[in-house]
Amino acid sequence: MDSPHPGQVALRPASTYKSDVYAELIFLVLLQDFAIHSLISIVFPGAINSSTVISIMLRQEDNPQNHSENKIKIGSKRKIAFVCSGGATKAGAFHLGVALALKEQGFKFLGGTRASTQIHSAPEPMEISTYVGSSAGSIISSYLAAGYSLENIFSSFLGKDVAHLDQRDLYPKRLPRLTYQKMFKLRSSSLVGQAGQLTRLHKIFSSLVDAHWEDLIQFKWLKVSGLFSTAGIEQYMREEVLFSNQFQDYLADLFIVATQLDHSRKVVFGKYNFQPPPHDLSCQYESNALISDACAASTALPVIFSPHLIKTQDEKESYFIDGEIRDTLSSHVAVDNGADLVIASYTHQPYHLSQELGSLTNYGLPSIVIQSIYLVIEQKINNHIYNKQSQRNAISSVSDYCKSVGLSEEHRRMICNILEKEFHHRMDVDTIYIHPKPTDSRLFFGEHFSLSPKKMAEIVRSGFHAAIDTLKKYEFEDRKVEHAIGSSRMSEEIN
């Protein structure tokens, strides 16, 4: 912002700008924030949608032949984080496609244990060293933190022969495949209870015949806490994937998000005991859980999976459910850990009407339910993006104003630091959001829990192309060599 806000009255010279400097600056912040909200509500009535948010954030030209000067500049970064949302195996495959695109664009992934890998004090340029995963994202994040190469993970997803892979791609070993038997483990301890449920269901249906609806509506008959258990996922991670089950043993910083069932609390499992973030004082960091338990807790989607039991720091046992329940994208975890570039990948993209496919009413209740869930999640994400951008705009406006009235650099920085602290917003942090294209109906209709190699490959391809389309809008200062899209062997295989 090169000039004062339009319509702003002339203020006094800097020499007389003393006692009430803070009052005028705060007024400017409030005025700017009000102006943004008013303008958006006038031009875009109703809820803010993804197109509105993106247009506010990017302000990109529609010309496909954008030159480097039209790209968004990302300065040199100290710590880069990869945040992966939930969404079952569909999300896991999408995140893998995004990761492959990141590698294609020059990013590297720090992984491995401290015992097996040479320790270095700071991440290299363009090296992702922080992983935040929720639900299915916790599995992908753990793969990367453990040091498995993207080629290794891709071959595991597709159940392919790894003979064609370089031995370096198989480090630290060939990644065992996650199967249906490992993912969906029956709760043996509750088989008797489930048998009792069948008897109760028979009575319910008998009551319906007699037009007695009370028992059905009250849901007293529904006592099952979940159809399956995530114990199989815990065992798979502990016995087949991880070389150490301790967060502290890995070079990268791994964080896994879960929701505490019997409390309105999000719990972040990792190697650090950070204080709760200012915007969510009920959030709790836990450092004594095992990685496999954290993954089992984070993937415990209610109804399908029963809650997972973990002993917390106070030695109390608590039940946990899916990490996406309370918060969709926990990008703040990466910021809490000092990341100044956050790359967030998520799959909750609502369906946009296609003339070829028509309305979702043609595809039954499941599609309508998924659309409804995605709409709610998309709105939460968009509100978060919009609020963060509004805060950034407000602080930038104050900074520009301080310069325009000749305020000293020391006072300008002090005022901006105060605003950053009050807004809980770091100006040095850049966030890149990657999600499916609204026109990608194949991904929307894709099965959430399918392990079919063909379907998984299609979703990986969707993630790859969605990420490439997003990343080409940015210019990274730390990237010394411009990478040609589609130049790697893996990209050729994906395409």
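Biologist: Where is Arg 265 placed?

Modeller: In this predicted model, Arg 265 lies in strand S8, residues 265-269.

Biologist: Why is Arg 265 said to have no salt bridge?

Modeller: Glu 286 is the nearest side chain of opposite charge, and it is 6.4 Å away. A salt bridge needs the charged atoms within 4 Å.

Biologist: What makes the link between Arg 265 and Gln 284 a polar contact?

Modeller: Their side chains are joined at 3.3 Å. The cut-off is within 3.5 Å, so this pair qualifies. The side chain of Arg 265 also reaches the backbone oxygen of Ser 282, at 3.5 Å.

Biologist: Which residues does Arg 265 touch, leaving out those up to four places away in sequence?

Modeller: They are Ala 258, Thr 259, Gln 260, Ser 282, Gln 284 and Arg 326.

Biologist: What makes helix H5 mostly covered?

Modeller: Buried means under 20% relative accessible area. Nine of the nine residues in H5, 150-158, are buried. Among them are Glu 151, Phe 154 and Leu 158. Gly 159 follows the helix, with a positive phi near 60°.

Biologist: Why are S5 and S10 placed at the edges of their sheet?

Modeller: The open sheet runs S5-S6-S10, with mixed pairing. S5 and S10 each have a single partner strand, so one side of each is left without a neighbour in the sheet.

Biologist: How do you know that S6 and S10 pair?

Modeller: Pairing takes at least two bridges. S6 and S10 have two, in the parallel sense, so they count as paired. Phe 228 stands opposite Phe 305 in S10.

Terms used: Residues are numbered from 1 along each chain as its sequence is written. This is a predicted model: local features need pLDDT of at least 70, side-chain atom pairs count only at pLDDT 80 or more; totals for chains, interfaces and linings use all residues. Side-chain values use heavy atoms; hydrogens and water are left out. Buried means under 20% relative accessible area, exposed over 50%, partly exposed in between (1.4 Å probe, protein chains only). Helices (H or I, at least four residues) and strands (E, at least two) are DSSP runs, numbered from the N terminus. Lys and Arg count as positive and Asp and Glu as negative; His and the chain ends are not counted. A polar contact is a pair of N or O atoms within 3.5 Å; within protein, one must be able to donate a hydrogen and the other to accept it, and residues adjacent in sequence count only if both atoms are side-chain atoms. Contact means heavy atoms within 4.5 Å.
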